[in-house]
Amino acid sequence: MQLQLPQASADALAASATLHQLISGEIQRQSGWISFARYMELVLYAPGLGYYSGGAAKLGKEGDFTTAPEITPLFGGAIARVVAGLMQQTGFQILEFGAGTGRLAFDVLTELQAMGIAVERYAIVEVSGELRARQEQTLRDFPEVTWLEQLPEAFSGVVLGNEVLDAMPVDLVVKTGDGWQERGVALAPDGSFRFCDQPCGAVLHRQIPEQESLPPGYLTETHAVAAAFMRSLGAMIAAGHAQSGRGCAALLIDYGFPAHEYYHPQRSQGTLMCHYRHHAHPDPFYLPGLQDVTAHVDFSAMAQAAIDGGLDVLGYTSQAAFLIDAGIGDLLVRTPAEDAKRYLPQANAMQKLMSPAEMGELFKVLVTGKHVALPEHFHRNDRSYRL
């Protein structure tokens, strides 16, 4: 496949070549084959070389994609209103995973300050040195912000994860006439990476509903790593409750579907996608370490993993419905419509967040937790019954 994408710098190409060598060595040590999840883990998180653990710009104009907090502060302001209600039940701590440039944290903390709510601690779990440096700069005026390198053992408060689950490694499985195969990564004769299938156990594809109806050649992803993360949240929240007696709620915002839509017969080639400098394409072997590799989220599997981890599913809905219930419209009208220069950009940004043709329907919000409840008005648009 010949991709017409922007040229990388010499230093970036050298780093990618080093990562290619590292992955090739692991494939050779593993008898010529590694799972796609392991390949994805290395291209995203190999120390100093992976996409998220290396030094390449990730977000914004110079990066590869733009997230909701980068589009408008109305997003973080609306999230802050939800957080404010939850913290009355959980205590005044926030834990964010994968905080990007720090924009969501900035907007949440700014809005909470305006509401007269003092956050005791805002902890960020961040694996990217480049992003942490940007976060430290963005959040320099908020002394309550601290950084962690891994999930804490215990936590009570509100957990935020915007586009975190989609960055977790996925396994690839393909249905054949002889049953399901796992699609992994091997080396071609010229040393490049290639896909290679081998038989897989039932555990790998058991989250796929109505498997008998899917045609041979059906390729898709399963999400063992993200499911394990959800179960870890359960253990962390249980330990936090044991220590503090308080509950915890986790707001997870991402693009994806419930299982019956995710594994639809017409979605026969899965959802795996790559992003390189604002260009989307399907080749995960292109410049390893320099591009994002991602897949949509199976929210049914995430909800079940949360339940398996001892959590409750508190709500599930579209991003548009969630933001409406959070009062994003009230935040917009703080700017007078007559002030067109300020109002129109905000209105257009809100449209991008809410439109079914943009982010409003593709992105979903899963709220899970323990010893806490969403405010009653969030139930009117709840879609938990679809999971």
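Glu261 has its place in helix α9, residues 259-262 (helices are DSSP runs of H or I with at least four residues, strands are runs of E with at least two, and both are numbered from the N terminus). The model is predicted, so local features need pLDDT of at least 70 and side-chain atom pairs count only at pLDDT 80 or more, whereas totals for chains, interfaces and linings use all residues. Residues are numbered from 1 along each chain as its sequence is written, and side-chain values use heavy atoms, with hydrogens and water left out.

**Individual sites**

- Glu261 is partly exposed, with a relative accessible area of 28% (buried is under 20%, exposed over 50% and partly exposed in between, with a 1.4 Å probe and protein chains only).
- The C-alpha atoms of Glu261 and Asp298 are separated by 8.9 Å, although these two residues stand 37 residues apart along the chain.
- Thr335 sits in the loop between α12 (328-332) and α13 (340-354), and this residue is buried because its relative accessible area is 5%.
- Leaving aside residues up to four places away in sequence, Thr335 touches Arg342, Tyr343 and Gln346 (contact means heavy atoms within 4.5 Å).

- Most residues other than glycine have a negative phi.

**Nonpolar cores**

- The largest nonpolar core has 51 residues, and those that touch the most other members are Ile79, Ile94, Val108, Leu112, Tyr122 and Leu160 (a core joins buried Ala, Val, Leu, Ile, Met, Phe, Trp, Tyr and Cys through side-chain atoms within 4.5 Å).
- Helix α4 (residues 73-90) gives this core its largest share, with 10 residues.
- Apart from this core lies another of 36 residues, including Leu19, Phe36, Tyr39 and Ala259.
- Ile79 touches Leu104, Val108, Leu160, Ile253 and Phe322, when residues up to four places away in sequence are not counted.

**Pocket and cavity**

- The largest pocket holds about 1100 Å³ of space (on a 1 Å grid over the protein atoms alone, a pocket is an open set of points with protein on both sides within 12 Å along at least five of seven lines, a cavity is a set where a 1.4 Å probe fits but cannot get out, and lining residues have an atom within 4 Å of a point).
- This pocket is lined by 46 residues, of which Tyr45, Tyr52, Glu163, Val164 and Ala167 are the closest to its centre.
- Elements that each supply at least two residues of the lining of the largest pocket include α2 (36-45), α5 (103-114), α8 (224-244) and β11 (273-276).
- The structure holds one cavity of 30 Å³ or more, and the largest cavity contains about 70 Å³ of space.
- Among the 13 residues that line the largest cavity, Gly315, Tyr316, Thr317, Leu374 and Phe378 are the closest to its centre.
- At least two residues of the lining of the largest cavity come from each of β15 (312-318), α11 (319-326) and β16 (363-370), with β15 giving the largest share, four residues.

Conventions. Points joined across faces, edges and corners; volume = space filled by probe spheres on them.
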